[in-house]
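Here are a few notes to read alongside the model, in the order I would go through them.

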Amino acid sequence: MPRRPYLSSRLQGFGTTVFSEMSALAVQTGALNLGQGFPDSDGPDEVKQAAIDAIFAGVNQYPPGPGTLDLRTAIAEHQKRFYNMSLNPADEVLVTAGATEALAAALLGLCETGDEVIAFDPTYDSYAAGIAMAGAVLKPVPLRPQADGTFGFDDEELRRAFTTRTRLIMLNTPHNPTGKVFTLSEMQLIAELCLERNVIAVTDEVYEHMVFDGSHIPLAGLPGMRDRTVTIGSAGKTFSFTGWKIGWATGPAPIISAVRTAKQFLTYVNGAPFQPAVAVGLRLGDSYFDQLLVQMVAKKELLCEKLEQAGFGVLAPQGTYFVTADISTVTTKKSLPFCMGLPEEAGVVAVPCSVFYSDDRMGQDHIRFCFAKSDAFLAEAGDRLIAAYG
């Protein structure tokens, strides 16, 4: 009798994440890692000191299940300060083990087996895995490169994606990996369809403070959407502490209760001394957030200029800390084999965009670079690419 596979059928096809593979390749070859999205420097000293102080003050045991009240209050203050959105820290804010857990808990807590989940393709890789673990079905709506170098979707394709089985839509803005920032008219269409079809929205807004063109518009702030939207944020991206894994989900109490029910059986709680530190970060003055944006704009421009000099086509991002490059101008290879050979050819690591799409025919000419690195690191990586392909 044949032995059943160890890996459940829901996760068949999901192996090691491409980020782990590419980071391992960087270590193996000594290449400069512009693949995995993490900064190469720490965030604000006062936030680090707050974590150290918390450790020595004995904040090292289980925090409350929903997160410390001070952090939940700071998250609510942040949403009010930047978006004029009012939240009750008692039951409308949930602290999670990073945004990834918030996404997984939302899917597990809100979806029944067979429910359909709409997401814009390409998607961050945990989306498809989380949908599969929830027993739901991914309904991708493709984002395609536009003539102006941005990414866009077809309104009718989005309308057709909504069916009687649609439970929720996942929206990532600013969008990883494309760098797209969804416009007000696009958000209004999404809101209109959610209201018309009685669909919940889960919005991944972890790059909210890195918008270069336009402005960040929370879907929950549009008419009728507050009561049907889960908004997800992260300290890792805003404060450059990705290893702390402190994220959050906010929204109406009944929906957050459902998310919390799933979350408590994942990590239960996490990061006790980091929670008061993140509260300090969220209460930093406007100068911190303004300077973060200035720094990211400069890094984006530095890397984009180097990529253009190397002969790549550059789709300049509107947000995030990633840039998409068109490799068809420098090679006949497709994205995955090109990225596998890039460390040896140029001493640089990137991520193939094809792995983010449900349809493996898409993204074959595009790769993604991370520019959340020091200027010297970006300049050296850019010069290596120029030497190899320019």
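1. Let's start with the second largest pocket, which has a lining of 16 residues, with Ser 41, Asp 42, Ser 240, Leu 292 and Gln 295 lying nearest its centre. A pocket here is an open set of points on a 1 Å grid over the protein atoms alone, where a 1.4 Å probe fits, with protein on both sides within 12 Å along at least five of seven lines; lining residues have an atom within 4 Å of a point. The volume of this pocket is about 260 Å³, taken as the space filled by probe spheres set on the points. Its lining divides into six nonpolar, six polar and four charged residues.

2. Some background on the model: it is predicted, so local features need pLDDT of at least 70 and side-chain atom pairs count only at pLDDT 80 or more, while totals for chains, interfaces and linings use all residues. Residues are numbered from 1 along each chain as its sequence is written, and side-chain values use heavy atoms, with hydrogens and water left out.

3. Next, the salt bridges: a search of the whole structure finds 18, each being a side-chain nitrogen of Lys or Arg within 4 Å of a carboxyl oxygen of Asp or Glu. One of them pairs Asp 375 with Lys 299, with the closest N and O atoms 3.2 Å apart. This pair links distant parts of the chain, 76 residues apart: Asp 375 is in helix α13 (residues 375–389) and Lys 299 in helix α11 (residues 286–309). Lys 299 counts as buried at 14% relative accessibility, whereas Asp 375 is partly exposed at 43% (buried is under 20% relative accessible area, exposed over 50%, partly exposed in between, with a 1.4 Å probe and protein chains only).

4. Asp 365 and Lys 334 form another salt bridge, their closest N and O atoms being 3.1 Å apart. Asp 365 sits in the loop between β14 (351–352) and β15 (366–370) and Lys 334 in the loop between β12 (322–326) and α12 (335–346), so the pair ties together parts that are 31 residues apart in sequence. Asp 365 is partly exposed at 28%, and Lys 334 is partly exposed at 38%.

Key. Nonpolar A, V, L, I, M, F, W, Y, C, P; charged D, E, K, R; others polar. Helix = DSSP H or I, 4+ residues; strand = E, 2+ residues; numbered from the N terminus.
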